[in-house]
Amino acid sequence: MRYPRSMILRRLVLEFWFAWHASRTTWRLRRGWSTAVSVFPPTLFFLIVTNLLPASTKKIGIVHDLQGILGLSGGSWTQRALHRVVHFVEKRAFRSCDRLIVLSRGMAAKIVDEYKLERDRVVVRYPFVTVKSVDRVGTNLVGKFPGGFQHVVYSGALGKKQNPYRLFDFFGAAVARFPGVQFHVFSDGPIFEDLRKRHLAGPVDRISFDGLVPEADLEELYARSNVQLIPQLEDTSEACLPSKLPNILAMGCAVLAICPMETELAQILQQTGCGIAAESWELDVLMQKLSQVLDQDKSQSRQQRQALAAPLLKTEFSLEPLIDAVLSRSASVNV
């Protein structure tokens with residue numbers, strides 16, 4: 001598929017082609033299904049698929065984020081109209097599920113409030129660790145991480161919820177403040193390309209922009225990162241919990257999250273002692289918190305952070321509770 005540059009049009013292309021693909025696949029395999037597990041977003045496909053499934057099929061939805069809050073909220077007429085459409089589609093899809101699994105308690109509360117779902121149909125299961133090895137890493141990225149520096153890294157999608165242009169300004173200011181630090185962005189897409197062009201127009205040493213890292217190199221990326229950055233736009237923290245968080249903690253990487261202190265993300269960092277939350281995008285606050293997390297990286301070894309995070313990862317960020325929530329016929333699986 002060829003995607004346009006507009007983020008709204010990109011989302012519409014994704015929703016419609018996946019709805020067509022999912023509908024064809026479901027029609028071809030529609031007989032004999034006992035359970036259908038759908039991952040949202042995309043969401044539009046489920047309005048069609050749910051009508052093609054046998055009535056006896058148990059329908060499970062796993063919600064990774066809420067698009068009405070993250071991607072299409074805003075003040076223009078177009079944004080408000082699309083927000084209403086997205087809200088309608090999400091509400092219909094979520095209410096069609098026998099059980100909804102969400103990644104955080106904040107998301108659960110938001111879904112129950114926004115879409116008027118019964119609380120006992122919503123189950124909280126934190127994302128699980130997917131990195132395969134925390135001890136042995138490759139050498140494919142060694143050239144991007146020169147010795148003698150602490151490396152602050154943002155890796156992943158760059159959209160509205162990451163506040164990308166403020167993130168760019170933050171890196172530009174921080175590189176002058178912290179001469180022993182190198183800053184990296186690993187991403188893709190129209191916003192990433194725009195930021196990379198701005199950087200190339202007036203290149204600054206110790207800031208680099210590179211494409212997304214292949215999945216096979218994620219362990220190496222986290223192992224070579226001193227600090228992983230998790231930026232969140234104001235008022236979006238309840239709509240998602242980053243699924244990469246358990247992998248970052250499992251690899252012993254320090255975390256700087258930009259989010260309110262009352263969010264689960266900030267509380268997890270405080271509970272494990274493996275990172276720091278900055279509750280404001282003000283540059284003075286970000287500089288102070290970055291200085292603290294860089295000091296934390298120096299005072300703690302990677303192995304110490306892995307040990308601090310291990311108990312929580314074992315009990316809350318594991319795959320087994322998610323599988324139990326999918327397979328269980330009982331409604332009493334909330335946490």
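**View 1. Pairing of strand β9 with strand β10 in the predicted model.** The bridge partner of Val255 in β10 is Gly275, and this pair belongs to the two strands β9 and β10 (residues 275-278), which run parallel and are joined by four bridges. From β9 the chain passes through helix α10 (residues 264-272) to reach β10, in a right-handed β-α-β crossover, a term meaning that, with the strands pointing away from the viewer, the path from the first strand over the helix to the second runs clockwise. Helices (H or I, at least four residues) and strands (E, at least two) are DSSP runs numbered from the N terminus, and two strands pair if DSSP finds at least two bridges between them. The model is predicted, so that local features need pLDDT of at least 70, side-chain atom pairs count only at pLDDT 80 or more, and totals for chains, interfaces and linings use all residues. Residues are numbered from 1 along each chain as its sequence is written, and side-chain values use heavy atoms, with hydrogens and water left out.

**View 2. Pairing of strand β8 with strand β9.** Strand β8 (residues 227-231) runs parallel to β9, and five bridges join them; Val227 has Ala254 as its bridge partner in β9.

**View 3. Side chains of strand β9.** Five of the five residues of β9 (residues 254-258) are buried, that is, under 20% relative accessible area, with exposed meaning over 50% and partly exposed in between (1.4 Å probe, protein chains only). Ala254, Leu256 and Ile258 point one way from the strand, whereas Val255 and Ala257 point the other way.

**View 4. The segment before helix α1.** Met1 lies in the segment before α1 (7-28), and Met1 counts as exposed because its relative accessibility is 66%.
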